[in-house]
Amino acid sequence: MNLVFLGPPGSGKGTQAARLAEAKGLVHLSTGDLLRDAVKQGTELGKEAEGYMKAGELVPDDLIVGLIEDKITSGVLKNGFILDGFPRTIPQAESLMAMLTKNGIEIDKAVLIAVDDDEIVKRLSGRWFCPACQATYNHPAKMPRKDGVCDHDGTELKRRPDDEEAVVRNRLEVYKKQTKQIEEFYRQELLLAEVSGQQSPDEVFESILEVVG
Ligand code: AP5
């Protein structure tokens with residue numbers, strides 16, 4: 001099963017992709033996670049990407065496409081995958097299609113998780129994560145047992161710099177201007193399936209299982 005997860009920032013792509021990947025034995029590939037890792041390691045990619053990410057802007061297409069191409073050619077995706085946060089522009093979607101075709105791979109579904117702007121701002125201003133194991137928490141929906149520390153390993157929880165409200169608002173604008181057209185791209189390919197992200201995480205997961213089969 002090869003899937004693309006689409007949706008605005010904070011719609012639950014990462015939460016649901018991680019859960020579905022575990023349930024179905026798929027590789028979960030998040031370009032946001034790959035970029036944050038590159039920033040943390042101080043690689044050339046990380047240095048180039050950091051400013052864009054902090055401002056809530058998209059990293060240039062060529063940097064991201066190169067990253068995904070490496071994964072496709074390395075064979076790590078051969079038993080099925082979920083792409084989370086990629087593609088995000090029409091050139092990225094076209095490059096992905098070309099790279100997959102060249103390697104004899106097809107996308108089975110593009111799952112759009114729809115959530116409205118006010119809910120997104122609320123969710124992202126309450127998001128905390130564990131820098132050690134990447135577990136995410138949310139105030140007040142999913143609180144850690146002990147305030148400010150991870151349930152799994154006791155690490156102090158942190159916030160993403162791009163979760164400040166002004167940056168979130170810009171990310172939403174960027175989504176509408178540069179990414180929303182991807183929905184139409186996959187609709188025309190007859191691959192788009194939309195689920196409501198404004199349900200509990202368990203209900204969203206059930207809706208996704210229904211559309212991916
Ligand atoms: P990326 O990391 O991909 O960020 P994003 O798409 O903005 O998505 P998020 O990770 O913020 O949210 P999500 O939809 O995964 O939701 P989550 O499950 O975490 O990208 C970051 C940056 O990297 C971009 O701005 C850009 O600069 C760059 N970048 C990445 N890919 C790129 C690309 N292809 N091209 C160019 N640049 C790129 O959930 C959010 C919160 O809500 C959590 O706290 C969670 O616990 C909570 N939550 C989830 N589901 C529910 C629910 N049903 N009810 C209540 N709370 C919920």
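Biologist: In which loop does Pro140 lie?
Modeller: This is a predicted model, and the answer is read from its coordinates. A cis peptide bond joins His139 and Pro140, with omega at about 5 degrees. Pro140 lies in the loop between strand S6 and helix H7 (165-179).

Biologist: Is the peptide bond from Phe86 to Pro87 cis or trans?
Modeller: Pro87 has its place in the loop between strand S3 (81-84) and helix H5 (90-102). For the bond from Phe86 to Pro87, omega is near 0 degrees, and the bond is cis.

Biologist: Which residues of helix H3 are buried, and why do they line one face of the helix?
Modeller: H3 covers residues 44-55, and its buried residues are Leu45, Gly46, Ala49 and Met53. Seen down the axis of H3, these buried residues fall within an arc of 75 degrees, so they line one face. An α-helix has 3.6 residues a turn, so residues three or four places apart point the same way. The names asked for are Leu45, Gly46, Ala49 and Met53.

Biologist: Which exposed residues does the face of H3 turned away from its buried side carry?
Modeller: The buried side of H3 packs against helix H2 (31-41) and helix H4 (61-74). The face turned away from that side carries Glu44, Lys47 and Gly51.

Biologist: Where is Gln134, and what is its phi?
Modeller: Gln134 is in the loop between strand S5 (127-129) and S6. With a relative accessible area of 47%, Gln134 is partly exposed. Its phi is positive although the residue is not glycine, and the value is near 70 degrees.

Biologist: Is Leu190 buried or exposed?
Modeller: Leu190 lies in the loop between helix H8 (181-188) and strand S7 (192-196). Its phi is near 60 degrees, a positive value in a residue other than glycine. The relative accessible area of Leu190 is 75%, and a residue over 50% counts as exposed. Leu190 is therefore exposed.

Biologist: How many disulfides does the count come to?
Modeller: A disulfide needs two cysteine sulfur atoms within 2.5 Å. The sulfur of Cys133 is 3.7 Å from the closest cysteine sulfur, in Cys130, which is too far for a bond. For Cys150 the closest cysteine sulfur is in Cys133, also at 3.7 Å and too far for a bond. The count comes to 0 disulfides.

Biologist: Is Cys150 buried or exposed?
Modeller: Cys133 has 34% relative accessibility and counts as partly exposed. Cys150 has a relative accessible area of 4%, and the limit for a buried residue is under 20%. Cys150 is buried.

Biologist: How much of the ligand does the protein bury?
Modeller: An oxygen atom of the ligand is 2.6 Å from a polar backbone atom of Glu57. An oxygen atom of the ligand is also 2.6 Å from an N or O atom in the side chain of Arg88. Taken alone, the ligand exposes 1000 Å², and the share of this that the protein buries is 94%.

Biologist: Which element gives the largest share of the shell around the ligand?
Modeller: There are 35 residues around the ligand, and Thr15, Glu57, Arg88, Asn138 and Arg171 come nearest. The elements that give two or more residues to the shell include helix H1 (13-24), helix H6 (117-125) and helix H9 (201-212). The largest share is 4 residues, and it comes from H2.

Biologist: Which residue has its backbone nitrogen 2.9 Å from a polar atom of the side chain of Ser30?
Modeller: Ser30 is in strand S2 (residues 27-30) and is buried at 8% relative accessibility. Leaving aside neighbours within four places in sequence, Ser30 is in contact with Arg36 and Asp84. The backbone nitrogen at 2.9 Å belongs to Asp33.

Biologist: What distance separates the C-alpha atoms of Val27 and Leu83?
Modeller: Val27 lies in strand S2 and counts as partly exposed at 29% relative accessibility. Not counting residues up to four places away in sequence, Val27 touches several residues, among them Val76, Phe81 and Ile82. Val27 and Leu83 are 56 residues apart along the chain, and their C-alpha atoms are separated by 8.5 Å.

Conventions:
Residues are numbered from 1 along each chain as its sequence is written. This is a predicted model: local features need pLDDT of at least 70, side-chain atom pairs count only at pLDDT 80 or more; totals for chains, interfaces and linings use all residues. Side-chain values use heavy atoms; hydrogens and water are left out. Buried means under 20% relative accessible area, exposed over 50%, partly exposed in between (1.4 Å probe, protein chains only). The arc is that of the directions from the helix axis to the C-beta atoms. Contact means heavy atoms within 4.5 Å. A residue is near a molecule or strand if one of its heavy atoms lies within 4 Å of it. A polar contact is a pair of N or O atoms within 3.5 Å; within protein, one must be able to donate a hydrogen and the other to accept it, and residues adjacent in sequence count only if both atoms are side-chain atoms. Accessible areas come from the Shrake-Rupley method with a 1.4 Å probe; for residues, only the protein chains shown count as cover.
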